[in-house]
Amino acid sequence: MKVLLFPTCLVDHIKPKIGFDTVKVLKHYGVEVHVPERPACCGQIAFNVGYWREARKMASSWLEIYDQPEYDYIVAPSGSCVHMIRENYEILFKDDPEKLTKVRRIKPRLFELVEFLTRILKVKKIPSKFRGKITYHASCHYLRGLGMKSEPGDLLKNIDGADFKPMELEETCCGFGGLFSLKFPELSFKMAERKVKSMEDVEYLTSADLSCLLNLGGVLSRMGLPIRPLHIVEILAEGLEDD
Amino acid sequence: MERTERFVKELENNDCEVHVVDRKSLKENLVNYIGKGSKVFYRPSALIKSLGLRDIFELTEDFHEGIYFGLSEADYGIVYSGGLVELANTREEKLPSLLPEVHVALLREENIVEDFDDLFSRLQKPLPDITFITGPSKTADIEKILVRGAHGPRKLIVFIVANEY
Amino acid sequence: MIDFRKNADRILKDPVVVNAVQRATLHALKKREETIERIPDFEDLRDRARLAKEKVIGDFENYLKLFKKNATENGFIVHEAGDAEEARNLILKILKAHGARTVVSSKSMTQEEIEINPFLESHGIKKYETDLGEFIVQVAGQRPSHITAPAIHLTRKEIARLFSEKLGMNYTEDPEEITNFARNFLRGKYFKADAGMSGANFLVADTGSFVIVENEGNARMSTTLPGVHIVVTGIEKLIPSIMDLPVFLKILAPSSTGQRQTVYTSIFSRAPEGREIHIVLIDNGRRRMLKDPILREALMCIRCGGCSNVCPIFQLVGGHAYGSVYSGPIGIIWTYAIFGHEVAKELPFASTLCGACREICPVRIDIPRILLELRRRVVEREGGRPGEKILINVWAGLMTEPFLNKIGFRVASKVQTVFKKGDKIKSLPSVLSSWTKFKDLEPLADKTFRELWKERKGS
Ligand code: SF4
């Protein structure tokens, strides 16, 4: 099985480890992974604030890079990027039949990592060696856009040494919202703070979206709270054999 | 009977006091509940007229402040919502269930229907005015604290008159 | 222009309001959960309600015609108003014809939309709001902060003070006693009022009926006691048939207050002898929405307030932040559609697009999709904000041109060392400063994932 990895712009430029951990997990299940050389962003940051022209530019470039029929799947460690491509590219290119064809060709083969693991590879338990008390934040587009509700928690629960402790406001938005957090910093912070305050007695905060983790992690760090943000793949990949 | 039981439960969920009585003891129940000589603002119906309440209460179709009890016969009961249905067009017909402190409603068991649809399919056009009454008047507008009797009755008492077999 | 950010920041400084709003919204959500657990076909009901509304929107003028015909046959006097001004004049004319000096009214968003109260006041007509929450807000000289709980932003202490100062109530903080005071105060008004006004929750095309849903009984009083009754309602309240009404009654209360059913539902289908019932149908921009392929979906809204309750932003700041009679996620859309671009151009951005509103909406309105479209329109019309526009264009360049990406990344990861404290960035200059105002930023990596990947492959 051949997979083309979309590391996402944030992972690529800020947390390369998440990219390597994604590869590690995929390889563990015998998947052959390829990474394109060119940088790419799905364009949601522009699309979500109304700059559709700029979004189209990024999306076109993304399609050029990832429309490669020889790969069985395209996998990304981000719920919101996958959601953007799956749900919004057709809106963005509704008057561009050529691009639309590409989008429709890609859509059925595009998956977020945990989605790919649980729905395609049917993974129920990962032999991760992770230890510690974890809580989970359901990122909005992942939860409500891709419908990933129980899967991440189920995988986390099944890690032998991990103590999974769901938080009360698991499904509440963290307040990031892309440029929302620039336009309404005070409000964005209060949303994150409320969320952070609902985490009790945990050491790690995890999620399937780096953007949320950067937001919540940034607030945790500023508030001086000893909870470490980790992408879910960093937890899943812990202790898996490297090639 | 099973339907009636479910209906009673729903009514109780909606904060109503419910008594299932037979036709013979209805009058006695009303007298006990309302009290001899009380002023009662009422909406006449065949059932109420047949009870001969005139000698017991001071019945009136004209409301004035200070009347504590309202008495009316509901036309239907709906299990789904646990509420009563009044088909009433005029002001006089509509007010006994609204103005007094306590609304005493009678309902014949045979008039309990399962759902809204059952009601609408029974009614002929042109429709009468329809009022669904699902419990006593309520508000939670101050700090979300529930208060009964916001503008209408503080209490809703339902006497279900059991079918005779 | 409504300045959402300013409004929100002001409210965030008031912990009493923030707490009250949070408590009220979460309470309604919890009750909703419990209630729909007992409605096994709730999802199916939502689909059916949506379908009924789609039918109306797909053939709007015919349904409206049918309603008008049937309502007229029922003895109602039907009027149509193209805009708010026409509506106000129409209402005034009816009231004057009856020599009305005082009016009692039950809750109606549409009446607020056309700002009828100050208008009547200026013509010497006193209108009393009779819904307790609305009454409190009216006495306070404020605006409702929540669609179904207009006074949630006020504490019992504040209400007690207000009533004793302005209405002469013997000071008490007991909600029951305060309610009782208002009950008695308004009782007097109902009997003396020359006219009653209300809104409508539904207009039923095939029977010409209008439907009002409430808990307190004030709408029943306002519509029954005075000699003339004026219904003020938006044309979007249409539903095709009385047989559709059960579906709507089954989804409205659970989505709204979390009740299975509201206490009173009144269906009016005939004007009694000697009593006038007027229905004022208001367009005021709704037909414009109808013609708009994206905005028309918002006309399906049944004003349950569910999207406000579930919105993480509304939960913090409440309705006042939106600066409009229509608040919360759907309120943004309505405010933009009804009051226009200039007034509302900042509002569409006041959402993280988290999608909770879409998930809860009983008629499945895709609110985030409409917000996205509004944002697009705002940017197109305004050309974008300077700082933001540059930021996004630079980003788009960096993400599409490998060469720029390489150079840009190098430069940025060098520059950032100036701002780095330990392993975090704690403050940034200019447009980006608001990103570091409340949180630490993660710096860029030393090398990109792609670079590292290539190195590993090579080795
Ligand atoms: S948009 Fe939907 S959830 Fe929001 S008020 Fe309207 S009907 Fe209710």
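How far apart do the C-alpha centres of domain 1 and domain 2 of chain A lie? In this predicted model, the two centres are 22 Å apart. Domain 1 of chain A covers residues 2–119, and domain 2 covers 124–236. The two domains also meet. On the domain 1 side, 29 residues are in contact with 24 residues of domain 2 of chain A.

Chain C is likewise divided into domains. Domain 1 of chain C runs over 22–287, and domain 2 of chain C over 397–458. Taken over C-alpha atoms, the centres of these two domains are separated by 55 Å.

Contacts between the chains were examined next. Two pairs of chains touch, and the pair formed by chains A and C has the most contacts. Chain A does not touch chain B. The nearest C-alpha atoms of chains A and B are 22 Å apart.

Chain B contains five helices and twelve strands. The C-alpha trace of chain B spans about 50 × 40 × 35 Å along its principal axes. A compact globule of 165 residues would have a radius of gyration near 15 Å. Chain B has 15 Å, so the value agrees with that of such a globule. Of the 165 residues in chain B, 59% count as buried. Contacts in chain B were also sorted by separation in sequence. Among those between residues at least 6 apart, 72% join residues at least 24 apart.

The accessible surface of chain B amounts to about 6,800 Å². Carbon and sulfur atoms account for 46% of that surface. Chain B carries 21 positive and 29 negative side chains. The centres of the positive and negative sets lie 2 Å apart.

Some backbone features stand out. Most peptide bonds are trans, and most residues other than glycine have a negative phi. The peptide bond from Lys125(B) to Pro126(B) is cis, with omega near -5°. Pro126(B) sits in the loop between helix 5 (116–122) and strand 9 (130–133) of chain B.

Positive phi values occur in both chain A and chain B. Glu143(B) has a phi near 50°. This residue belongs to the loop that joins strand 10 (138–139) and strand 11 (147–148) of chain B. Asp201(A) also has a positive phi, near 50°. Asp201(A) is placed in the loop between helix 11 (185–197) and strand 7 (204–207) of chain A. The relative accessible area of Asp201(A) is 49%, so this residue counts as partly exposed.

Key:
Residues numbered from 1 in each chain as written. Chains lettered and ligands numbered in written order. Predicted model: local features only at pLDDT ≥ 70, side-chain atom pairs only at ≥ 80, totals over all residues. Heavy atoms only, no water. Helix = DSSP H or I, 4+ residues; strand = E, 2+ residues; numbered from the N terminus. Rg over C-alpha atoms; globule rule 2.2 N^0.38 Å. Buried < 20%, exposed > 50% of the residue type's maximum accessible area, 1.4 Å probe, protein only. Contact = heavy atoms within 4.5 Å. Areas by Shrake-Rupley, 256 points an atom, 1.4 Å probe, with all protein chains shown as cover. Lys, Arg positive; Asp, Glu negative; His and termini not counted. Charge placed at Lys NZ, Arg CZ, Asp CG, Glu CD. Domains from an automatic or database assignment.
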